[in-house]
Amino acid sequence: MRFVNSFETKIKKIVKEKGLTYSIDTMGCQMNENDSSKYMGILESMGFTKTTSDKANIILFNTCCVRENAENTLFGRLGFLKQRKLKEDDVYIVVVGCMTQQRHILDKIKSSYRFVDIVLGTNSMSLFPEKLYNVLCLSRKEIEYIDVGNEIEEDIPIIYEDKYKASVSIIYGCNNFCSYCIVPYVRGRERSRKPEDILKDIKKLAEKGYKEIMLLGQNVNSYGNDFEEKYNFPDLLKDIEKIDGIEIIRFMSPHPKDFKDDLVEVIKNSKKIARQIHLPLQSGSTRILKEMNRKYTKEDYLNIAMKLKNADENISLSTDIIVGFPGETEEDFMETLDVVSKVKFDQIYMFIYSKREGTRAARMPDFVTNEEKVKRLERLKKLYEDNLPKLNEKMIGKTYNVLVEGKSKNNKELYTGRTSQNKVVIFEANNDKIGKIVKVKIDSEHLWYLKGVIEE
């Protein structure tokens, strides 16, 4: 389905007359960040200009529902806006994203936050201009539940705030139904974009000077499973590799159950695929993995990690780990620590289990106290941080290609970028280097970043 904005001209006139502005507050994953870039594109195509949330006329919240604190954050921010909404004209509140696909959230907004103007689900972006027109011109609330469909919306205008790195969604939805995860219910079943649409988008980005592409999906390596003709994720990677101008290809998140040898081989032979692979573990216990419905064992995971590291010694691994899943024993947790010790991850996104209404895990008995979960998280964090300096030290003296992103946020005298392994590195440079790939020799390590020197 191609995106058509038949309300663009009508809304542009109103926006120009009133000088309307917008802000976007994004919660959650990189898929949400990508969606927010599309909402930016739609709003700016209609004449809106971006500003801060305290000044904006359109205040859009792009929500996440993976963890409970996201709900608390949203409702806290909505409550904060109530007085402004009541006092000021031309202030409109929009809530979109995963959270709005949950009926109890919609009911709560209708009953307790009646000043919200628009609520849209995850697959309803094409309806946004019409809903906005109805609110601006007809003073009509647009809050309704819309089931996630199978359509893929193409040609949506998009604005990236970064000039050299961009994300491109390649597959939507998820078929895995991990027992703790709400995503399949709010994002729908897997739907792969046509390769020609993906490649067209990436070629346009390359023509605009973008150097690095992040391919996105709930499960990127199940891309193409829904095609009649054989064309899979490795095939897509090989085609993207041929696009001139794109120098770095990243992707997340792959699923271990779909990480086949052909993908390892493509990564091994690629000159552009980053040497950092995000491989979600979630737990090192085969018993817990079965309860999570992850469809792989501890041994399967370690085997994939070994194949990747054997393919290229420069490959680093990052992962996700859930601590305190219902029924997790001390022995189960020790299995997780064992995997962390063996794989030696360069980055770990670690979380205490958060119950999600509507998932199977939410109905499981949970005997682990919150105090014990916090202690386990701290033990995991310590093990990870103890390993990190040793991994960083191995990079000292080596030279890496680095895309210069700009000045360091913490030291304005230095510039920053990331190695292929996704390690932050800072170095002396000048503005002429921004957006270019330079060779940086690492000369020292610090826990969360490296320091280096550009080799001319």
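In helix α7, the buried residues are Pro195, Asp197, Ile198, Leu199, Ile202, Leu205 and Ala206. Bear in mind that this is a predicted model. An α-helix has 3.6 residues a turn, so residues three or four places apart point the same way. The cover over the buried residues of α7 includes β7 (165–169), β10 (212–216) and α8 (233–241). As for its length, α7 runs through residues 195–207, 13 residues in total, and spans 18 Å from first C-alpha to last, close to the 18 Å expected at 1.5 Å a residue. Just past the end of α7 sits Gly209, with a positive phi of about 100°.

Next up is a strand, β13 (residues 316–323). How many of its eight residues are buried? Eight of the eight are, which leaves β13 mostly covered. In a regular strand the side chains alternate between the two faces of the sheet. Here both faces are covered: Ser316, Ser318, Asp320 and Ile322 are buried on one side, and Leu317, Thr319, Ile321 and Val323 are buried on the other.

β13 also has parallel partners. Strand β12 (residues 276–278) joins β13 through three bridges, and Ile277 has Leu317 as its bridge partner there. Strand β14 (residues 347–352) runs parallel to β13 as well, with six bridges between them; Tyr349 in β14 stands opposite Asp320.

Arg294 lies in the loop between α10 (286–291) and α11 (298–311).

| Arg294 side chain to | Distance |
|---|---|
| Tyr180 side chain (polar contact) | 3.4 Å |
| Pro280 backbone oxygen | 3.5 Å |

Setting aside residues up to four places away in sequence, Arg294 touches Cys178, Tyr180, His255, Pro256, Lys257, Pro280, Gln282 and Leu289.

At the β6 end, the pairing with strand β5 (residues 118–120) is parallel and takes two bridges. Which residue of β6 is the bridge partner of Ile118? That would be Glu142.

Note on methods:
Residues numbered from 1 in each chain as written. Predicted model: local features only at pLDDT ≥ 70, side-chain atom pairs only at ≥ 80, totals over all residues. Heavy atoms only, no water. Helix = DSSP H or I, 4+ residues; strand = E, 2+ residues; numbered from the N terminus. Expected span 1.5 Å × (residues − 1). Buried < 20%, exposed > 50% of the residue type's maximum accessible area, 1.4 Å probe, protein only. Contact = heavy atoms within 4.5 Å. Polar contact = N/O pair within 3.5 Å; in protein donor to acceptor, adjacent residues only side chain to side chain. Pairing = 2+ DSSP bridges.
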